[in-house]
Amino acid sequence: KVKLAGTASGDTFEVIDSAGEIQFKVQGDGVASTNTDLIVGGGLAVNQGTINVTAVNDGAAFLYLKADNSDDAGDDWRFVANPDHTLTIANDKASAGVYVPFLTITPHATPASSNVTIAGDLTISGGNITNNLTLDGSLTLNNGATVVNTSSSLLTITEATTAFSAAVTSGTTINAGSSVTAATTVTGTTG
């Protein structure tokens, strides 16, 4: 058992290497610091505290989560706070130790102007998207049908049959690749 008594005024315990550099330091107020890697063989608990990962100036800060003894590709996840202010979540599924971004968050001073980029598909289990959804490209449905806002005045739906459960109103012509069958009201000129 080693007991070190100190005060918050600055008494410290230091581990110094042969070159005279401080490798590990515990201050009297209980704050511990190191300039090298710190390896913990068992669990690490932080009670009522904060873990900070601070990068060097213009550098990225990394946090790794490694499952299954990190022995297979896909076991490792990396969270990166980048110097360009983005946050990236990456995985090494394709090749162990080679991290590919799956999610990137780009902040903005106005949160509603921020951007989230997802490399793969997004599944929403709750089934709801609240507020407005703006698409910059086309919308492709599971069955391959597409909805494209071709221009500010033209919406194109590519599907063999398109059904509307309520009235369809058009300010101009409705162009149909084949016939138009109306179970409800179609208002406008069909062509």
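User: What makes a polar contact with the side chain of Thr88?

Analyst: In this predicted model, the side chain of Asn82 makes that contact, at 3.1 Å. The pair qualifies because a polar contact requires N or O atoms within 3.5 Å, one able to donate a hydrogen and the other to accept it (for residues adjacent in sequence, both must be side-chain atoms). Local features need pLDDT of at least 70, side-chain atom pairs count only at pLDDT 80 or more, and totals for chains, interfaces and linings use all residues. Numbering starts from 1 along each chain as its sequence is written, and side-chain values use heavy atoms, without hydrogens or water.

User: Why is Thr88 called buried?

Analyst: Its relative accessible area is 10%. Buried means under 20%, against over 50% for exposed and partly exposed in between (1.4 Å probe, protein chains only); Thr88 is therefore buried. Across the protein, 8% of the 191 residues count as buried.

User: Which residues does Thr88 touch, not counting residues up to four places away in sequence?

Analyst: Thr88 touches Arg78, Phe79, Val80, Asn82, Pro101, Leu103 and Thr104, a contact being heavy atoms within 4.5 Å. Of the contacts in the protein with a separation of 6 or more, 2% join residues 24 or more positions apart.

User: Where does Thr88 lie, and in which strand?

Analyst: Thr88 belongs to strand 6, residues 87-95. Strands are DSSP runs of E with at least two residues, helices runs of H or I with at least four, numbered from the N terminus. The protein has 13 strands and 0 helices.
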